[in-house]
Amino acid sequence: MSEDDAHGHDHHEDFVELSVTLEEDQLRELEKLASEYAEELDQDWDVSAVIRVAVGDFLNKLGRIL
């Protein structure tokens with residue numbers, strides 16, 4: 001059985017580790033966002049999580065995923 005988080009989201013995804021090249025200012029902003037989300041939502045957030053949300057939103061807007 002998969003495990004749900006506090007919001008009922010199912011966390012059964014398989015993650016793949018990869019390297020991403022970003023500009024320094026982009027990384028700083030992603031780190032700020034992760035920190036803000038962690039504080040506002042009282043959850044663990046890191047740059048990887050912010051990037052996953054951003055990529056998911058991008059793919060959703062393109063109609064590639066639901």
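**Entry 1: E29 and K32**

I began with E29 and K32, which are three residues apart in helix α1 and therefore separated by about one helical turn. My helices are DSSP runs (H or I, at least four residues), as strands are runs of E with at least two, and both are numbered from the N terminus. E29 forms a salt bridge with K32, and their closest N and O atoms are 3.2 Å apart. I noted what counts as a salt bridge: a side-chain nitrogen of Lys or Arg within 4 Å of a carboxyl oxygen of Asp or Glu.

The model is predicted, so I kept its rules beside me: local features need pLDDT of at least 70, side-chain atom pairs count only at pLDDT 80 or more, and totals for chains, interfaces and linings use all residues. Residues are numbered from 1 along each chain as its sequence is written, and side-chain values use heavy atoms, with hydrogens and water left out.

Next I looked up accessibility, where buried means under 20% relative accessible area, exposed means over 50%, and partly exposed lies in between (1.4 Å probe, protein chains only). E29 has 43% relative accessibility, so E29 counts as partly exposed. K32 is at 45%, so K32 counts as partly exposed too.

**Entry 2: the other salt bridges**

How many salt bridges does a search of the whole structure find? I found three.

E24 and R28 join their side chains in another of them, at 3.9 Å from N to O. Both lie in helix α1, four residues apart, which is about one turn of the helix. E24 is exposed because its relative accessibility is 64%, whereas R28, with a relative accessible area of 44%, is partly exposed.

I then moved to helix α2, where D57 and K61 both lie, four residues apart and about one turn of the helix. D57 forms a salt bridge with K61, with 3.2 Å between the closest N and O atoms. D57 is partly exposed, its relative accessible area being 38%, and K61 counts as exposed at 66%.

I wrote one reminder under this: side chains of opposite charge can pair when their charged atoms come close.

**Entry 3: how the helices cross**

At what angle do the axes of α1 and α2 cross? Helix α1 covers residues 24–41 and helix α2 covers residues 47–61; their axes come within 8 Å and cross at roughly 100°. The axes are lines fitted to C-alpha atoms, for helices over the stretch in contact, and the angles run from 0 to 180 degrees between N-to-C directions.

So α1 and α2 are roughly perpendicular to each other. The classes are these: under 35 degrees is roughly parallel, over 145 roughly antiparallel, 65 to 115 roughly perpendicular, and the rest oblique.

I looked up who meets whom, taking contact as heavy atoms within 4.5 Å. From α1, L27, L30, E31, L33, A34 and Y37 meet V47, V50 and I51 of α2. By class, this contact has eight nonpolar, no polar and one charged residues. Here Ala, Val, Leu, Ile, Met, Phe, Trp, Tyr, Cys and Pro count as nonpolar, Asp, Glu, Lys and Arg as charged, and the others, Gly among them, as polar.

Is A34 buried or exposed? A34, found in helix α1, is buried because its relative accessibility is 5%. Not counting residues up to four places away in sequence, A34 touches W45, D46, V47 and V50. A34 and V50 are 16 residues apart in sequence, and their C-alpha atoms are 6.2 Å apart in space.

I51 lies in helix α2 and, at 26%, counts as partly exposed. Leaving aside neighbours within four places in sequence, I51 is in contact with L22 and L30. The C-alpha atoms of I51 and L30 are separated by 7.7 Å, with the two residues 21 apart along the chain.

**Entry 4: the loop residue D42**

D42 sits in the loop between α1 and α2. Its phi is near 50°, a positive value in a residue other than glycine. Most residues other than glycine have a negative phi. D42 counts as exposed, at 72% relative accessibility.
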